[in-house]
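Below is a short briefing on one structure.

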Amino acid sequence: MVSAKDGNGRRPAKGKANRVRSLLGVGYWVQGFRCFPWMAVNFFLKDSIKVDPSTLQILQNSANLPMVAKPLYGVVSDAVYISGQHRVPYIAIAFLQAVSWLAIAILSQSNISILTMSLYLLLGNLGASIAEVANDAIVVETGKTQTSSKKSQSASSGELQSFVWMASSVGGVLGNLLGGIAIDRFSPQSMFLFCGSLLALQFVITVSVPERSLNLPKSPSNVGIKKQLSELLAALQKPEIAYSITWFAASYAIIPALTGAMFFYQTQYLKIDASALGISKVFGQAVMLLWGVIYNRHLKAVRPRKLIEAIQVTMAVFMISDVLFVKGIYQQMGVPDSVYVVVFSGVLEVLFFFKILPFSVLIAQLCPPGCEGSLMAFVMSAVALAFIVSGYLGVALASYMVTGNDFSGFPLGLLIQAVCTLLPLFWSSWIPDDVKSKTRTE
């Protein structure tokens, strides 16, 4: 009986689909868990290296520079096989993260400067960005294969995206929970050592998986980077893709990020305990996980433009709420600062990423076959660059609004941030309003 079912391919196909989900689940879980060492990085920079808010935010954003080169990684991943494998070797490059965190953990604190820290963080993010490109490509390829084999595209669209979103969120919940507990009990170097060891274990698991066992969609091996690049450029010339990506990146870049100033305001001015910040991040990641479940069950049929616009407005509302928080209005109403930080600050931090889920589903539907990895890499590169621009704008704004421990101008800065968040709504028509009908006509 087993062989009969093997003959028609049902069980093997199901087994391979489960292996793909397992590989992606581990990859995205580790991606979400990266918040664990980064929580230690913030306190390490503030307390051990004694950086100011602007330097902290500049370093945080500059460390993301390897993410900007994702289109290059995507083109290479789509075009070049390594030892006959298409995606798994690129996922394994995440081992650079293990090298980075282990190196920081082993170095003595006196030998770690801002420059040294920056170089190792850049190395770690290089490994993370290449692995993310390969994982995102598998999601798009597998999702499109599953969609084409089902009668109802609306029922299956976004299913795999929701799964990996939830895996990343679970990793984020655990990473922030453990980070909030560990930050008061262990040194940052101990946290870096733990994370590096975990990433080394992931590397061992990844390289033990033969790619042929995953049943990934076949594509010509070694098609050539030049040909792959031309296919990416052809995809980007499609108006619905070009306008969507431009709007999405601009909707982030136009917002001046004030995360560094808010971190110092909460920890240095309000003296909020580190454990409360950890719980805040756990709460935010739990909301992200819930968002993935809600989207998968109830919101996949909602038009992308309508959903993304609603998220943009909600972000602005939470920023205005931050203005009231800094002015002390909530405290006068009897709401402790720590409670606000846990709930509202935690949600606002993850709201920035809510748009990524529906937008990734939109791009997956618009993406032509053969350049899944390079196009998704281009999207995430544009987002990474937008976040860097947002961070630098935030540094410039904070330098006028915050001086030393004087946060009297901070509410005005937050209000400007909220206004900038609403501006992209005036050209949201750049996002296709009915992707399904457009896909059918094509």
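The points below are grouped by topic.

This is a predicted model, in which local features need pLDDT of at least 70 and side-chain atom pairs count only at pLDDT 80 or more, while totals for chains, interfaces and linings use all residues. Residues are numbered from 1 along each chain as its sequence is written, and side-chain values use heavy atoms, with hydrogens and water left out.

**Helix packing**

- Helix H14 (residues 239-253) packs with helix H20 (residues 356-366) at an angle of about 165 degrees, their axes 11 Å apart; helices are DSSP runs of H or I, at least four residues, numbered from the N terminus, and axes are lines fitted to C-alpha atoms over the stretch in contact, with angles from 0 to 180 degrees between N-to-C directions.
- H14 is therefore roughly antiparallel to H20 (angles over 145 degrees).
- Glu-240, Ile-241, Ser-244, Ile-245, Phe-248 and Tyr-252 of H14 are in contact (heavy atoms within 4.5 Å) with Ile-356, Phe-359, Leu-362, Ile-363 and Leu-366 of H20.

**Cysteines**

- There are zero disulfides in the structure, a disulfide being a pair of cysteine sulfur atoms within 2.5 Å.
- The closest cysteine sulfur to that of Cys-35 is in Cys-195, 9.3 Å away, too far for a bond.

**Backbone at Lys-271**

- Lys-271 has a positive phi, near 60 degrees, although it is a residue other than glycine.
- Lys-271 lies in the loop between helix H15 (259-269) and helix H16 (274-299).
- Lys-271 is exposed (over 50%), with a relative accessibility of 63%.

Technical notes. Helices (H or I, at least four residues) and strands (E, at least two) are DSSP runs, numbered from the N terminus. Angles under 35 degrees count as roughly parallel, over 145 as roughly antiparallel, 65 to 115 as roughly perpendicular and the rest as oblique. Buried means under 20% relative accessible area, exposed over 50%, partly exposed in between (1.4 Å probe, protein chains only).
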